[in-house]
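Here are my notes on this model. They cover a helix pair, the domain contact and the ligand surroundings.

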Amino acid sequence: MQKKNYYIKTNRIFNPIRKYGWIVTVLIALGGLWEPKLGLAVLFIMAGLTITAFFSGRYWCGNICPHGSLFDKIILPISTNKKIPKFFKSKPFIIGFFIFFITNFIRKIIGISQYWGTYDVLDKLGSLFSNTYLMVLIVGGALAIFLNSRTWCQFCPMGTMQKLSHSLGKKLGIAKITEKKITILDKDKCIKCGKCAKVCPFQLEPYKEFSDNNQFDNIDCIKCNTCVVNCPVKILSLEKEIQSL
Ligand code: SF4
Ligand code: SF4
């Protein structure tokens with residue numbers, strides 16, 4: 001059984017975008033109630049996360065995502081920081097939620113299509129995006145407070161989209177050159193303290209999964225550097241993929 005307080009709350013904010021990105025979430029989700037066009041910014045966010053994922057996996061989630069900033073900067077201090085239930089990490093749930101989300105989204109876009117060519121269309125579209133942002137703020141925020149700050153991220157449809165984009169990048173051989181991965185200097189120097197797992201926002205366990213190339217290949221790693229900063233023997237770093245001979 002998982003020990004109580006196994007997971008440690010620690011600073012995960014290592015860049016200004018992560019420090020202030022949550023303001024964008026609040027602006028789009030709540031500001032969109034008054035000015036729906038604010039929601040159109042989500043189109044750029046979706047483009048950004050899809051492109052970065054193609055080259056670097058879930059880098060967006062750990063370094064740029066405005067919701068991630070809200071979860072880690074604002075909510076983490078008041079989160080119960082419990083173990084994320086396996087159910088939220090399970091493939092059937094992640095795929096099922098993705099299909100539900102996308103179907104719902106397409107249905108709404110079809111509804112909006114009757115406004116094409118009118119001035120209303122931008123407001124309708126913006127409203128769809130800002131309401132979605134608001135839904136994530138409410139549902140993801142509640143999960144963050146009562147379970148763990150990154151619970152939503154386990155099944156977030158935008159996370160799934162990143163994994164699909166990243167798989168394409170890998171298949172085309174491009175991500176192999178561009179992606180950075182958590183790398184251990186020397187597996188023998190690891191003291192198996194588990195600190196990298198205890199501080200990981202996604203509750204991954206790098207020290208148990210290093211490959212023969214000394215790299216952490218888990219597709220869910222958000223490359224946030226939290227484990228790098230917290231490893232007591234300083235043997236972790238974020239490095240380009242090491243090509244096998
Ligand atoms: S393994 Fe390290 S870099 Fe990856 S998500 Fe966990 S803490 Fe962040
Ligand atoms: S924090 Fe460092 S020393 Fe501790 S288990 Fe992880 S890699 Fe090993």
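1. The model is predicted. In it, helix 3 (residues 41-56) packs against helix 10 (residues 157-171) at an angle of about 40°. Helix 3 and helix 10 are therefore oblique to each other. Their axes are 7 Å apart. The crossing of helix 3 and helix 10 is right-handed.

2. Which residues of helix 3 and helix 10 meet? Helix 3 brings Leu-49, Thr-50, Ala-53, Phe-54 and Phe-55. Helix 10 brings Met-158, Met-161, Gln-162, Ser-165, His-166, Leu-168 and Gly-169. By class, this contact of helix 3 with helix 10 has 7 nonpolar, 5 polar and no charged residues.

3. The chain divides into domain 1 (16-167) and domain 2 (179-240). Their C-alpha centres lie 26 Å apart. On the domain 1 side, 16 residues contact 11 residues of domain 2. Helix 3, helix 4 (59-63) and helix 10 each give two or more residues to that side of domain 1. Helix 4 gives the most, with 4 residues. The domain 1 side splits into 5 nonpolar, 6 polar and 5 charged residues.

4. Ligand 1 is surrounded by 15 residues. The closest are Cys-200, Cys-221, Cys-224, Thr-226 and Cys-227. The shell around ligand 1 holds 11 nonpolar, 3 polar and 1 charged residues.

5. Ligand 2 has 13 residues around it. Cys-190, Cys-193, Cys-196, Tyr-207 and Cys-231 come nearest. The ligand 2 shell counts 10 nonpolar, 1 polar and 2 charged residues.

Key
Residues numbered from 1 in each chain as written. Chains lettered and ligands numbered in written order. Predicted model: local features only at pLDDT ≥ 70, side-chain atom pairs only at ≥ 80, totals over all residues. Near = placed C-beta within 6 Å. Nonpolar A, V, L, I, M, F, W, Y, C, P; charged D, E, K, R; others polar. Axes fitted to C-alpha atoms, helices over the stretch in contact; angles between N-to-C directions. Parallel < 35°, antiparallel > 145°, perpendicular 65-115°, else oblique. Left-handed = near helix turned anticlockwise from the far one by under 90°. Contact = placed C-beta atoms within 7 Å. Domains from an automatic or database assignment.
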